[in-house]
Amino acid sequence: MQYDSTTGLGTGKLSKRYGKEIVNYYGGSPLNRLSFLRSKSSFLRAALPQGRFLLLNNLNALSASSSHLAFLTYDKVSRLVESVYELMDEEVVENYDSSKKVLPIVLFLGVDEGYVLEDGKDAGVVFEGGYKGRPYFAVDVSEIAGTEWLPRDILEERREWLKQGQQLGIVIREAAILAQARSLLDWNARNQFCSGCGSRTVSVQAGTKRVCPPRDRAEGAWERPQCVTRSGVHNVTFPRTGKVIQMISVTLKRDVSILIPILTNPDASVIMAIISHKGDKLLLGRQSRWPPSFYSTLAGFLEPGESLEDAVRRETWEESGVRVGHVRIHSSQPWPYPANIMIGCIGEALEDGEHIWLGHDMELQDARWFPMGEVKEALGRTKVIAGDKVPKAKVENKNNGEIEVAGLRVPMATTIAHQLMLAAVNDWEAGLGIEAKI
């Protein structure tokens, strides 16, 4: 799943056109997050003994040197983590007891699929579903640092807590792991109480979601106050990513000004038009609740500690099995349902990564590669008003006869998905030949 943009220009059309993709510090993580396995306690329990663990004390990571983090083996931290993941998430919520001591947050960060043993062989750690690699976890020890619960030998061998100002010296691959761990632990620390009703929340999905339990077993399983987060779809129990949306100029003194970023917190989503390696096909998918023949670009939420490019690669692989290399940012669109910003990207499949397999996350009913010509025809006949009739397309059946079937249907021209498709079929120049019918 992972893509190393530092290996060269590549041979695809995007790479030839734009050159090597830039990977900034804290981006380009070596881990496959396997987000769809975070709720599987059997997988998490099996991964623990094989894992490497990054400890953080008040968000300061344990370091082995000025340039490397200290990733500890299971035997060093077993006392801290041996009891986590014993229950399924549903059981954690059902058995919530406010009188019991809260266990340290243990995040599942992902697996390093490129991990090899010292003799050069593959690590050979294979888990449920055939997923392979070295698991990585992060542990928040803020509440127990300096107590008997934190083994003394952890701070031996010149290990020390790396403060924020020192963290920019970590090698880039480890810095990306730190960005993910630090962001998620900070979010957990700031969201211990429900934003819907004010009650205490519990951590589930390996530290990537917080839930407001309906009852507390501390006093005979009494019912807690009703809460809006316990029904329907809400965005208050998942991590959120803050974006810099504008810069303002502040004058300090005559002829001296600085730019100050203004931060807000809409939920960020990536939405991507993925082209084949040769540039002649476009990857589109559909959900079961959509109208017949309706397909769109793939999309998903950006996670904390994740670059836009990495999010495109992760979401595409998790939903369709397609592995993406080069990614370019195209445009963005506000989406007030309830408060999203959709960041449009165009990505290019790796030459050996175009095989579609829907068995990872199983969010899509179908995904397929459509010829650029077919997508362009669908864009040309798309109507803005929902409910318009879709023209029929004639195709040959096995008996060389002709039958009428619904043609490919795509999102209307007012959506960013439409504009991304438009850019892809027109050699990444948006708006050529087809105008939005408004």
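1. A pocket here is an open set of points on a 1 Å grid over the protein atoms alone, with protein on both sides within 12 Å along at least five of seven lines. The model is predicted, and local features need pLDDT of at least 70, side-chain atom pairs pLDDT 80 or more, while totals for chains, interfaces and linings use all residues. Residues are numbered from 1 along each chain as its sequence is written, and side-chain values use heavy atoms, without hydrogens and water.

2. The second largest pocket has a volume of about 1600 Å³, a volume being the space filled by probe spheres set on the points. Its lining (residues with an atom within 4 Å of a point) has 50 residues, and Lys101, Val102, Leu103, Pro104 and Ile105 are the closest to the centre. Helix H2 (41-47) and helix H5 (172-190) are among the elements giving two or more residues; helices are DSSP runs of H or I with at least four residues, strands runs of E with at least two.

3. Do look at glutamate 318, in helix H6 (residues 308-320). Leaving out residues up to four places away in sequence, glutamate 318 touches Leu34, Ser35, Phe36, His360 and Asp361 (heavy atoms within 4.5 Å).

4. Strands S1 (residues 52-57) and S2 (residues 60-63) pair antiparallel over 2 bridges, where pairing needs at least two DSSP bridges. Leucine 56 faces alanine 61 in S2, and asparagine 58 in this hairpin has a positive phi near 50°. S2 is also joined to strand S6 (residues 160-162) by 3 bridges, antiparallel, with serine 63 opposite glutamate 160.

Terms used
On a 1 Å grid over the protein atoms alone, a cavity is a set of points where a 1.4 Å probe fits but cannot get out, and a pocket is an open set with protein on both sides within 12 Å along at least five of seven lines; lining residues have an atom within 4 Å of a point.
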